Amino acid sequence: MNIQFKKGVLELCVLALLDKQDRYGYELVQKISDRIAISEGSVYPLLRRLKTEEYFTTYLQESKEGPSRKYYRLTDKGRDYLQKLIKEWQQFSIGVNELIKEGVRGE
């Protein structure tokens with residue numbers, strides 16, 4: 001898949017996953033990688049930026065498998081931003097799908 005497509009939707013994917021439940025960084029990478037091929041290195045800078053912008057907070061939680069993990073929790077500001085991104089994505093994807101239908105010769 002085009003790397004620019006992935007960059008554009010990665011922020012939306014991270015926020016959407018955190019809306020359902022708190023998660024740690026590697027868990028986010030694994031969940032997204034199950035559906036979209038991404039590099040692990042692209043997620044951590046995004047997490048730092050979104051935390052700086054106060055879209056989520058972090059906390060440490062002990063793990064049974066090893067050292068404590070840093071969990072990310074969506075803030076109210078993050079939820080508002082997620083809703084904005086979802087609306088933008090829906091409008092964008094509808095427009096692209098309509099153009100594809102209009103432009104691609106029948107199958």
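Predicted model: local features only at pLDDT ≥ 70, side-chain atom pairs only at ≥ 80, totals over all residues.
A residue is called buried when its relative accessible area is under 20%, exposed when it is over 50%, and partly exposed in between, using a 1.4 Å probe and protein chains only. Residues are numbered from 1 along each chain as its sequence is written, and side-chain values use heavy atoms, with hydrogens and water left out.

- Helices (H or I, at least four residues) and strands (E, at least two) are DSSP runs, numbered from the N terminus.
- Two packed helices are described by the angle between their axes and the distance between the axes. Axes here are lines fitted to C-alpha atoms, for helices over the stretch in contact, and angles run from 0 to 180 degrees between N-to-C directions.
- Helix α1 (residues 3-20) packs with helix α2 (residues 25-33) at about 115 degrees, their axes being 11 Å apart. That makes α1 roughly perpendicular to α2, a label for angles of 65 to 115 degrees, while under 35 counts as roughly parallel, over 145 as roughly antiparallel and the rest as oblique.
- By class, the contact of α1 with α2 has 7 nonpolar, no polar and 1 charged residues. Nonpolar covers Ala, Val, Leu, Ile, Met, Phe, Trp, Tyr, Cys and Pro, charged covers Asp, Glu, Lys and Arg, and the others, Gly among them, are polar.
- With helix α3 (residues 43-52), α1 packs at an angle of about 70 degrees, with the axes 11 Å apart. The two helices are therefore roughly perpendicular to each other, and their crossing is right-handed.
- Leu10, Glu11, Val14 and Leu15 of α1 make this contact with Val43, Leu46, Leu47, Arg49 and Leu50 of α3.

**The nonpolar core**

- A nonpolar core is a set of buried Ala, Val, Leu, Ile, Met, Phe, Trp, Tyr and Cys residues joined through side-chain atoms within 4.5 Å.
- The largest one has 21 residues, and among those with the most contacts inside it are Val14, Leu28 and Phe56.
- At least two residues each come from α1, α2, α3, β3 (66-74) and α4 (76-103), with α1 giving the largest share, 6 residues.
- Buried residues of α2 are Gly25, Glu27, Leu28, Val29 and Ile32, and they pack against α1, β1 (23-24), α3 and β3.
- Leaving aside neighbours within four places in sequence, leucine 28 is in contact with Val14, Leu17, Leu18, Arg23, Leu47 and Tyr72.

**Residues toward the outside**

- Glutamate 54 sits in the loop between α3 and β2 (56-63), and has a positive phi of about 65 degrees although it is not a glycine.
- Leucine 99 lies in helix α4 and counts as exposed at 58% relative accessibility.
- Serine 68, in strand β3, counts as partly exposed at 42% relative accessibility.
- Not counting residues up to four places away in sequence, serine 68 touches Leu60, Gln61, Glu62 and Ser63.

Conventions. Left-handed = near helix turned anticlockwise from the far one by under 90°. Contact = heavy atoms within 4.5 Å.
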